Amino acid sequence: ASNGSREEAAGAWVRTPLAPGEVITAQNGAFERDPQESSTTDEELSRAGSPGSRGGSSTTPDYGEKRLPQALIIGVKKGGTRALLEAIRAHPDVRAVGTEPHFFDRNYEKGLEWYRNVMPKTLDGQITMEKTPSYFVTNEAPRRIHSMAKDTKLIVVVRNPVTRAISDYTQTLSKKPEIPTFEVLAFKNRTLGLIDASWSAIRIGIYALHLENWLQYFPLSQILFVSGERLITDPAGEMAKVQDFLGLKRIVTEKHFYFNKTKGFPCLKKPEDSSAPRCLGKSKGRTHPKIDPDVIHRLRKFYKPFNVMFYQMTGQDFHWEQEESDK
C-alpha cells in the first residue's frame with residue numbers, strides 16, 4: 001500500500017467510537033468540553049451493569065463477581081482505543097465494559113460502588129477492563145485512579161498527532177457541518193503561523209505534556225504505549241505486547257485478524273459465538289477533508305519538539321517524523 005492509503009487505513013480501523021466527549025484543561029485552566037460529543041448515557045451504563053446483560057462482553061456469565069478494573073485504556077481519543085478494546089476482548093481472560101464509563105472525569109462523585117456496578121462479572125484469574133480515552137487529558141484522573149488502586153495498569157494508544165488532530169476535526173465535522181474550517185481553528189494567527197494549542201484537537205496531541213501529569217503518580221513500568229499506526233499494519237504484533245503487559249497468555253494472534261479491503265484496515269475474525277466478523281462501524285474510517293499542505297507542515301513543526309520529548313520520556317520512538325519525510 002502507498003503511504004497515502006496506509007495513512008487512510010490509519011484513519012480508519014483505529015477510531016474511538018463516537019461516544020466520548022473530550023475533557024481537557026484549556027490554557028486558562030477552565031474546563032472545555034467539545035459540545036458536539038455525546039457522552040455515554042447513564043441509561044447505557046446501568047444497562048451495561050444490569051444482571052444478565054452482556055456487560056460489554058460476549059460471554060459474561062451470570063456467576064462470578066463484579067470487580068473494579070485492574071487495567072484501563074486511558075487514551076487517546078481518535079488514536080485506536082476502540083480497535084484495541086475490541087481486539088483484547090477476544091481474549092477469554094478479559095472482561096471489558098463496551099460503553100465508556102467516564103468515571104474518573106465526569107462521574108467521579110457517583111463513587112466507587114457505582115463504578116464497580118458498571119463492570120461485568122468476572123471469575124478468578126480474569127481481568128476487568130474499561131476504556132475512556134479522555135482520561136489521558138484529564139488533570140484529576142491520575143490522582144483518582146491512583147487512589148482507587150496504585151497498581152492499576154494503564155494503556156495509552158498514541159498516533160501521529162497531526163493525523164489525530166485531523167481525524168478529531170473530521171469526527172466533529174460529521175456532526176456539526178457548520179463549524180469553521182480546520183485551518184481557521186488550528187491557528188491563533190494564520191499570517192504569523194501561530195498554532196492555537198488551546199483547541200482540544202491540537203492540545204490532545206501534545207502527549208509529553210499530559211504524560212508528565214501521569215508520571216507524578218505512576219511509574220513508567222505501569223504504562224504501556226501502543227502505536228495506533230502499528231495496530232493497523234501489524235495488529236497481532238501490537239496485541240502480543242498488550243497481552244504480555246497484562247500478564248496474559250498470547251491467545252489473540254494473527255489468526256484473529258483479516259484485512260478488509262473495502263474498509264482498508266484489519267478486522268477481527270468471527271468469534272465463536274457470533275455469526276459475523278467484527279469490523280469497526282460506519283463511523284470509523286471517514287474520509288478526511290483536504291487540508292492545506294502548508295498547515296500540515298506548520299503543525300508538524302509545532303509537534304516535533306513535543307514528539308521528541310515524548311520519545312525521550314517513554315524510551316520509545318514512534319517514527320512520526322520519519323513517516324512524514326517518506327511522503
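The following questions and answers walk through one predicted model.

Trainee: What kind of model is this, and from which number are residues counted along each chain?
Mentor: This is a predicted model, in which local features need pLDDT of at least 70 and side-chain atom pairs count only at pLDDT 80 or more, while totals for chains, interfaces and linings use all residues. Side-chain values use heavy atoms, with hydrogens and water left out, and residues along each chain, as its sequence is written, are numbered from 1.

Trainee: How many helices and strands does the protein chain have?
Mentor: Helices (H or I, at least four residues) and strands (E, at least two) are DSSP runs, numbered from the N terminus. On that basis the secondary structure of the protein chain comes to 13 helices and 13 strands.

Trainee: What percentage of the residues of the protein chain count as buried?
Mentor: Buried means under 20% relative accessible area, exposed means over 50%, and partly exposed lies in between, with a 1.4 Å probe and protein chains only. Of the 327 residues of the protein chain, the share that counts as buried is 56%.

Trainee: Which strands stand at the edges of the open sheet of five strands?
Mentor: Two strands pair if DSSP finds at least two bridges between them, and in this open sheet the order is β5-β7-β4-β8-β11, with parallel pairing. Each edge strand has a single partner strand, so one side of each is left without a neighbour in the sheet, and these edge strands are β5 (94-96) and β11 (223-227).

Trainee: Which residue in β7 stands opposite Ala 71?
Mentor: Strand β4 (residues 71-75) runs parallel to strand β7 (residues 127-131), and three bridges join them. Opposite Ala 71 stands a residue of β7, namely Met 129.

Trainee: What angle does the direction of helix α11 make with that of β11?
Mentor: Helix α11 (residues 235-245) packs on the sheet and touches both β8 (153-158) and β11, where contact means heavy atoms within 4.5 Å. Axes are lines fitted to C-alpha atoms, for helices over the stretch in contact, and angles run from 0 to 180 degrees between N-to-C directions. Taken in this way, the direction of α11 makes with that of β11 an angle of about 170°.

Trainee: Where does UniProt place the feature "active site", and is that residue buried or exposed?
Mentor: The unreviewed UniProt entry places this feature at Lys 78; UniProt positions are given in the numbering used here, feature names are shortened, and annotations may be inferred rather than shown by experiment. Lys 78 lies in the loop between β4 and α3 (81-88), and its phi is near 60°, a positive value in a residue other than glycine. Because its relative accessible area is 1%, Lys 78 is buried.

Trainee: Which residue does a cis peptide bond join to Gly 75?
Mentor: Most peptide bonds are trans. Here, however, omega is about -5° in the bond concerned, and the residue joined to Gly 75 is Val 76. The loop between β4 and α3 is the place of Val 76.

Trainee: Is Thr 287 buried or exposed?
Mentor: The unreviewed UniProt entry gives the feature "binding site" at several residues, among them Thr 287 and His 288. Thr 287 has its place in the loop between β13 (265-268) and α12 (293-314), and His 288 is found in that loop between β13 and α12 as well. His 288 is partly exposed, with a relative accessible area of 26%, whereas Thr 287, at 73% relative accessibility, counts as exposed.

Trainee: How far apart in space are His 288 and Thr 170, C-alpha to C-alpha?
Mentor: In sequence, His 288 and Thr 170 are 118 residues apart. In space, C-alpha to C-alpha, their separation is 6.0 Å.

Trainee: Which kind of aromatic pair do Phe 103 and Tyr 115 form?
Mentor: Rings of Phe, Tyr and Trp (its six-membered ring) pair if their centres lie within 6.5 Å, and planes under 30 degrees apart count as stacked, over 60 as edge-to-face and the rest as tilted. Phe 103 is buried, with a relative accessible area of 0%, and Tyr 115 is likewise buried at 0%. With 4.3 Å centre to centre and 10° between the planes, Phe 103 and Tyr 115 form a pair that is stacked.
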